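User: I have a structure to go through with you. Can we take it a piece at a time?
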Protein chains: 2
Amino acid sequence: MPFNAFHQIFIKYKSIASTFMELLEEIFKYIDKNKIIGYRFEGPKVVLFTRDKELLVKAPQILQEIAKKVRRRIHIRYDPRLLKEEPEKIEKLIPKEAGLQRIYFEKGRGIVNIEVLFPEKIDLNTINKIKEETLWFPRIYRSPLIRSKTIDMVRAYMFQHSNERIKLLHEIGKNISEKWSIQKGQTWVRVSFLGGASQVGRSALLLQTKESRILLDFGVDLSLPPNNKNAYPIVELPEFDVKELDAVVITHAHLDHVGFVPFLYKMGYKGPVYLTPPTLDIATLSLLDYLRIANENNVKLFSGDDIRNFVKHSITIEYGQTTDIASDVKLTFYNAGHILGSALAHLNIANGYSNVLYTGDYKVKPTFLFDGAQIPQAKVNIAITESTYGDTYHKPREEVEKEFLSFVKEVIKRKGKLLIPVLGVGRAQEILYLLVKSIRANKLDEVPIYLDGVVWEITAIHTAYPEYLKEEIRNKILAGKNPFIDKFVHRAPRNREEIVYSTEPSIILATSGMLVGGPSVQYLKLMAEDPKNAIAFVSYQGPNTLGRQIQSGVREVEIDGQLIKINLEVRSFEGFSGHADKGEIESFLRRVRPGRVVINHGERSKVLHLASYLRKKLNVETNAPRNMDALALRI
Amino acid sequence: MPFNAFHQIFIKYKSIASTFMELLEEIFKYIDKNKIIGYRFEGPKVVLFTRDKELLVKAPQILQEIAKKVRRRIHIRYDPRLLKEEPEKIEKLIPKEAGLQRIYFEKGRGIVNIEVLFPEKIDLNTINKIKEETLWFPRIYRSPLIRSKTIDMVRAYMFQHSNERIKLLHEIGKNISEKWSIQKGQTWVRVSFLGGASQVGRSALLLQTKESRILLDFGVDLSLPPNNKNAYPIVELPEFDVKELDAVVITHAHLDHVGFVPFLYKMGYKGPVYLTPPTLDIATLSLLDYLRIANENNVKLFSGDDIRNFVKHSITIEYGQTTDIASDVKLTFYNAGHILGSALAHLNIANGYSNVLYTGDYKVKPTFLFDGAQIPQAKVNIAITESTYGDTYHKPREEVEKEFLSFVKEVIKRKGKLLIPVLGVGRAQEILYLLVKSIRANKLDEVPIYLDGVVWEITAIHTAYPEYLKEEIRNKILAGKNPFIDKFVHRAPRNREEIVYSTEPSIILATSGMLVGGPSVQYLKLMAEDPKNAIAFVSYQGPNTLGRQIQSGVREVEIDGQLIKINLEVRSFEGFSGHADKGEIESFLRRVRPGRVVINHGERSKVLHLASYLRKKLNVETNAPRNMDALALRI
């Protein structure tokens with residue numbers, strides 16, 4: 001590096017690469033330049049516009065060729081100025097058995113969005129016919145089996161703001177492409193922990209390279225009340241500047257990973273959030289719910305507008321789809337097996353200078369709903385792993401399942417009510433699936449199951465994404481059979497006393513999962529004094545939460561200023577966890593083979609335990625960072 | 001913390017404390033307010049101006065009382081506008097035996113600077129008489145026993161720019177005092193490693209608190225050529241912003257700790273550098289020398305003006321003198337035993353929220369010149385220790401001394417020349433003292449000793465600071481006897497061949513110490529092929545340096561494009577080291593009793609070795625950071 005360049009180090013170096021022009025020229029080796037009337041970015045995608053019908057129809061094959069070569073996703077669409085909205089024409093082309101729900105034209109993009117119950121009934125032939133006969137570029141969406149307000153809202157919002165998104169996405173794509181630098185060159189990578197280091201909650205990692213600043217998750221600590229500053233990421237770290245941020249990556253929709261993202265928009269962030277489609281839907285729902293609770297507590301975190309801004313700036317990507325998210329960072333999501341849409345984030349930095357795998361929350365063994373976390377095909381130099389259960393081995397799943405069902409039977413037999421506090425997404429559907437399956441198979445008496453809080457709505461969202469679920473469940477949904485909902489499953493009535501004071505036994509799944517506000521606390525208050533009733537903890541309880549207190553034997557608690565005696569039966573079932581245990585983490589990392597392991601997302605003692613265990617077992621350097629630490633990501 | 005305040009986190013919080021007014025009111029309990037016509041800051045000092053002669057003379061006793069109470073250094077001086085320069089009057093008052101050298105009036109400050117050979121001959125009576133008869137505030141300086149251009153230059157420069165410094169120092173003091181906050185409150189402390197982590201060279205630590213940014217050392221890596229970017233601290237770390245910097249602390253004058261400070265002024269830094277008086281003198285000399293070499297290599301690092309700016313912004317403090325260097329940070333230096341003026345830096349952050357001891361380079365056992373490192377009286381939560389020799393035990397000093405002297409004798413006996421590459425300051429004076437003492441005691445034949453490079457000048461500086469040296473040497477200097485220089489010690493002649501090709505044996509001490517440029521390389525070139533000659537390494541040789549190569553057995557090297565055969569005898573003497581060895585580090589830390597130990601300033605393998613050793617031995621958490629890492633300084 002010449003010395004003059006070195007003296008510009010205080011001026012952030014951004015190479016204005018001519019590489020995008022090179023990319024276009026590469027494309028024009030395959031496509032007649034004269035047939036392209038313009039181009040545009042849609043985030044990481046390059047969209048070429050044509051007036052050549054033949055090219056439009058032939059495009060997919062050609063583009064596959066080009067994509068292999070240039071490693072960018074490319075679309076060819078028809079000149080949108082010449083398109084006419086003709087819903088009837090499209091309606092006719094869609095086969096009846098696909099179950100058409102709605103059609104939405106995005107004029108500025110040349111895209112027609114088609115929502116159907118069974119997308120697999122629309123074949124390539126139909127797609128091509130739509131293109132040929134209407135010149136629109138069809139995009140097919142799946143409807144959930146039961147109506148989901150959230151999905152309707154997110155999709156409608158995206159389509160209504162299509163023109164605004166066109167601008168946003170173009171800016172994002174331009175930023176990535178103009179700075180696009182091929183050379184590995186002089187660079188560096190580090191990560192700062194704004195939260196989630198040696199703690200469970202407020203996961204927030206700031207990845208920094210010479211060129212880019214990327215947030216990996218940006219959550220809240222749900223075990224603290226919303227008026228506690230420590231519930232939020234440490235944004236006052238000097239290297240964090242919302243104005244410098246290039247991208248945000250969200251690994252899954254739990255609020256401890258996504259809960260503070262709208263705050264970024266409040267502070268002026270204008271860039272993208274990368275996440276899977278189900279994560280977008282669930283996150284939107286959870287954020288709205290979280291905002292409501294904050295408002296009820298008179299805490300002004302952010303506004304509905306900030307949440308809408310998050311939706312507007314979202315770019316959804318599927319598992320396995322490698323995407324440029326900054327000039328020097330490529331992101332690939334892999335199934336993490338934790339909840340619907342949960343992802344491991346693989347980051348290839350500066351063309352392999354460093355390959356970082358950030359696991360987010362993950363589960364290695366399969367659960368009812370999901371396959372275990374996928375082993376990334378790509379190289380991994382450094383793994384940043386969670387360690388929620390880094391010092392324990394879960395009981396075998398079948399054993400816990402048996403114990404749980406026999407406990408449920410006991411409670412039903414004595415005509416008690418069983419409260420299961422759940423996080424809304426994850427354990428809720430897992431438990432619900434088990435209960436529904438057991439009742440359907442006559443392994444359990446049919447009793448009413450009530451879903452309170454966001455559980456119902458999130459369950460609906462699950463039915464829109466069968467491809468994210470395990471084969472057995474996927475096939476049920478593809479066959480139009482809802483694996484979660486049956487006639488004995490109900491949305492909880494407004495008046496909770498109706499359920500609690502009924503003489504009939506019942507099962508209640510209610511948020512929050514750690515008894516920190518929400519309906520679950522209200523049920524507890526109503527149910528606690530009757531020893532016939534019971535509470536079953538099926539997920540992680542944060543330190544100092546009401547859940548953890550009761551779990552560890554406290555038998556008198558204060559709720560809403562009232563002293564409540566805990567007479568109901570208390571049981572914990574840890575094997576349902578959506579987190580890898582010590583053994584799973586070890587076996588996962590053995591196959592990933594990183595050169596160094598950084599451990600976060602666990603209580604300090606678990607982080608330290610796992611660090612020392614893995615150092616010996618895998619014979620690699622391990623790190624146990626604290627919040628506010630930063631680590632250079634080298635080996 | 002109220003939630004509203006939390007939302008201002010992006011606006012850096014600075015409490016505009018009224019504490020300075022409180023301080024003045026405390027002072028006025030002891031001093032009649034009406035006798036004070038104004039006040040001013042001189043860096044951390046508060047200067048009160050009076051027109052009351054009686055108060056001026058009585059001041060010291062009163063101020064001692066107040067200082068105990070308010071923990072700030074306070075001066076009372078006479079209204080400078082009424083002062084007259086009367087050097088003859090002062091000359092008459094100074095006793096002859098003090099050896100008056102020069103008098104310099106700083107009109108704007110009301111200070112008269114008096115340089116003498118023997119300050120201890122000026123008693124309190126004389127001081128008071130000067131005050132009474134001239135109304136000036138006398139400050140007494142010691143002259144070195146042999147003239148030092150550097151000391152003359154630094155002092156003259158300071159005095160000539162007195163008025164400019166008045167403004168600078170006032171601004172610095174105002175910044176500290178206006179933000180002065182007493183409360184421990186919500187704060188945090190972390191340190192980022194811009195250099196010197198897992199390496200020896202370019203020491204540079206950025207201490208960050210919620211309120212302040214402080215650099216601890218800011219050096220260069222002398223083992224790399226000046227056109228290599230990696231020779232300098234990593235200033236592109238996002239949390240480093242020269243505009244945000246509040247203070248720079250320099251632990252000692254070696255270029256790997258101070259070499260890049262002028263670059264800060266080049267980039268617009270306008271704040272203070274805290275260091276001991278000898279460190280200021282030696283650093284100035286070394287920086288000018290370094291600049292000369294960089295210029296010779298056509299590398300534009302910084303200019304002479306930037307070095308002068310460093311001098312102008314320097315605030316010297318003595319061992320044990322606690323000083324506010326930021327609104328929430330108090331600094332105390334302690335003797336580090338490494339070189340003249342070297343210091344351990346103790347930082348009390350936010351009134352004891354965290355107490356950090358940064359050792360810089362240190363030696364625990366006494367050497368010829370210095371007492372071993374002092375154990376700070378203050379509490380230490382976290383120690384950041386060097387580890388240059390973190391995996392080895394030095395040979396006992398007496399043994400090395402014997403071996404060394406017998407080696408010198410051998411070389412003299414066979415009429416060879418002995419080259420000792422030295423760092424200019426440190427081992428040079430240590431070895432010179434040993435040789436002079438041995439010749440004076442007839443334990444060694446009298447042969448000429450030549451000092452080349454900056455060695456002579458730095459030796460002169462040593463004689464100006466006897467209070468920084470061990471008692472034996474101090475007493476010699478106080479008695480006017482130079483412990484380093486005798487008639488057989490010479491400055492090297494311009495023509496080095498005169499020495500090398502003489503038939504008489506001789507000893508040559510020349511910089512640089514690792515044979516990376518400077519006269520030592522030129523001597524080697526001239527001396528290498530004659531097997532009668534010899535080279536003795538007495539200090540640390542960095543990886544990849546010419547010194548390390550020859551030390552480890554390479555017998556043919558390229559110098560200035562010329563192949564040179566190494567026929568001379570090569571010997572290494574590690575026991576002279578100015579660094580603590582593994583045992584010294586352990587025993588030092590056992591007495592300091594930190595709750596956590598961070599290890600830097602050592603090759604990676606030594607850092608890791610020491611981290612694991614101390615973890616077991618002291619049963620505390622140890623950290624082995626890399627460059628670009630940051631550590632939250634909590635236990």
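Analyst: One term before we start: two residues are in contact if their C-beta atoms, placed from the backbone, lie within 7 Å. This is a predicted model, where local features need pLDDT of at least 70, side-chain atom pairs count only at pLDDT 80 or more, and totals for chains, interfaces and linings use all residues. Residues are numbered from 1 along each chain as its sequence is written, and chains are lettered from A and ligands numbered from 1 in the order in which they are written.

User: OK. What does A:His257 touch, not counting residues up to four places away in sequence?
Analyst: A:Ser203, A:Asp217, A:Gly219, A:Ile250, A:Thr251, A:His252 and A:Gly360.

User: Is A:His257 buried or exposed?
Analyst: A:His257 is buried, because 29 other C-beta atoms lie within 10 Å. Buried takes 20 or more such atoms within 10 Å of the residue's own, exposed 12 or fewer, and partly exposed is in between; C-beta atoms are placed from the backbone.

User: Which helix is A:His257 in?
Analyst: Helix H8 of chain A. Helices (H or I, at least four residues) and strands (E, at least two) are DSSP runs, numbered from the N terminus. A:Asp256 lies in H8 of chain A too, which covers residues 255–258, and A:Asp256 is buried with 26 other C-beta atoms within 10 Å.

User: Which residues does the UniProt annotation "binding site" cover?
Analyst: In the unreviewed UniProt entry, one such annotation covers A:Asp256, A:His257, A:Asp361 and A:His601. They are spread over 346 residues of sequence, but the largest C-alpha distance is 10.4 Å. Another "binding site" annotation in the unreviewed entry covers A:His252, A:His254, A:His338 and A:Asp361. These span 110 residues, yet no two of their C-alpha atoms are more than 10.2 Å apart, so they gather at one spot. UniProt positions follow the numbering used here, feature names are shortened, and annotations may be inferred rather than shown by experiment.

User: Where is A:His338?
Analyst: In the loop between strand E14 (329–335) and strand E15 (343–349) of chain A. A:His338 touches A:His252 and A:Asp361, among others, leaving out residues up to four places away in sequence.

User: Switching topic. How many residues does each chain give to the contact between A and B?
Analyst: Chain B gives 26 residues and chain A gives 26 residues. On the side of chain B that touches chain A, E28(B) gives the most, with 3 residues.
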